[in-house]
Amino acid sequence: MNENCFTFYSVSPTETEVFGETIGRLSGGGELLLLEGTLGAGKTVMVKGIAKGLDIKNEIVSPTFIIIRSYKGRLILNHIDLYRIDSIDGLGLEEYLDDEDSITVIEWGEKLLNHLPLDEYLLVRIDVVDENSREIVLEPRGERYIEYTRRIKDGISGY
Ligand SMILES: Nc1ncnc2c1ncn2[C@@H]1O[C@H](COP(=O)(O)OP(=O)(O)OP(=O)(O)O)[C@@H](O)[C@H]1O
Ligand SMILES: [Mg+2]
């Protein structure tokens, strides 16, 4: 953790979704978000918000068995879930990570950290505090994501 991180306490699923909506609204394309958190932490809830913020009308369903689902809105949202994945070899993830017209959000994304030579991304950690409360920490890596986190922080504080 460092001074570039942003910590937010969410007290309801709706609040986490609205947080995601702000992220979606402030995304310009090319972003990579790695979502880290236990089962039921609220990763998918956040992705639903991100989709809303991108004006995606489709319902987001967890891509647990499909691994990757893409939705089209203002930008394309690539929603990936690595929960059941032991090896990312052969998944072709790289092609999703280099597209300026899409934003890629990966549940259990921390699994990638030791595999891809990634040095720029937004790590989103969601910790369960109690039944309805979550601590959400945005941990940016790279100048672009530090700026992105700043915009999100300002966007949230603007409510
Ligand atoms: N503050 C909160 N933010 C988000 N979800 C919350 C909150 N409080 C309670 N919840 C509940 O926690 C659950 C989060 O489910 P969700 O599917 O988003 O988790 P997940 O992290 O995607 O889990 P999985 O690893 O199984 O995919 C939902 O049932 C939601 O209603
Ligand atoms: Mg999920």
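In this predicted model, 7 strands form an open sheet of mixed pairing in the order β1-β7-β6-β2-β5-β4-β3, where strands are DSSP runs of E of at least two residues and helices are runs of H or I of at least four, both numbered from the N terminus, and where two strands pair if DSSP finds at least two bridges between them. Each of the edge strands, β1 (6–10) and β3 (68–72), pairs on one side only, and the twist averages 20 degrees from one strand to the next, angles running from 0 to 180 degrees between the N-to-C directions of axes fitted to C-alpha atoms, for helices over the stretch in contact. Residues are numbered from 1 along each chain as its sequence is written, chains being lettered from A and ligands numbered from 1 in the order in which they are written. Local features need pLDDT of at least 70 and side-chain atom pairs count only at pLDDT 80 or more, whereas totals for chains, interfaces and linings use all residues.

Strand β6 (residues 121–130) runs antiparallel to β7 and is joined to β7 by 9 bridges; Ile126 has Ile136 of β7 as its bridge partner. Helix α1 packs on the sheet, touching β1 and β7, with its direction at about 145 degrees to that of β1 (contact: C-beta atoms, placed from the backbone, within 7 Å). Helix α2 also packs on the sheet, where α2 touches β2 (32–36), β3, β4 (76–81), β5 (102–107) and β6, and its direction makes about 170 degrees with that of β5.

Around ligand 1 there are 20 residues, of which Thr16, Gly42, Lys43, Thr44 and Val45 come nearest, a residue being near if its C-beta atom, placed from the backbone, lies within 6 Å. Two or more residues of this shell come from each of α1 (13–25), α2 (43–53) and β7 (133–141).

Methods:
Contact = placed C-beta atoms within 7 Å.
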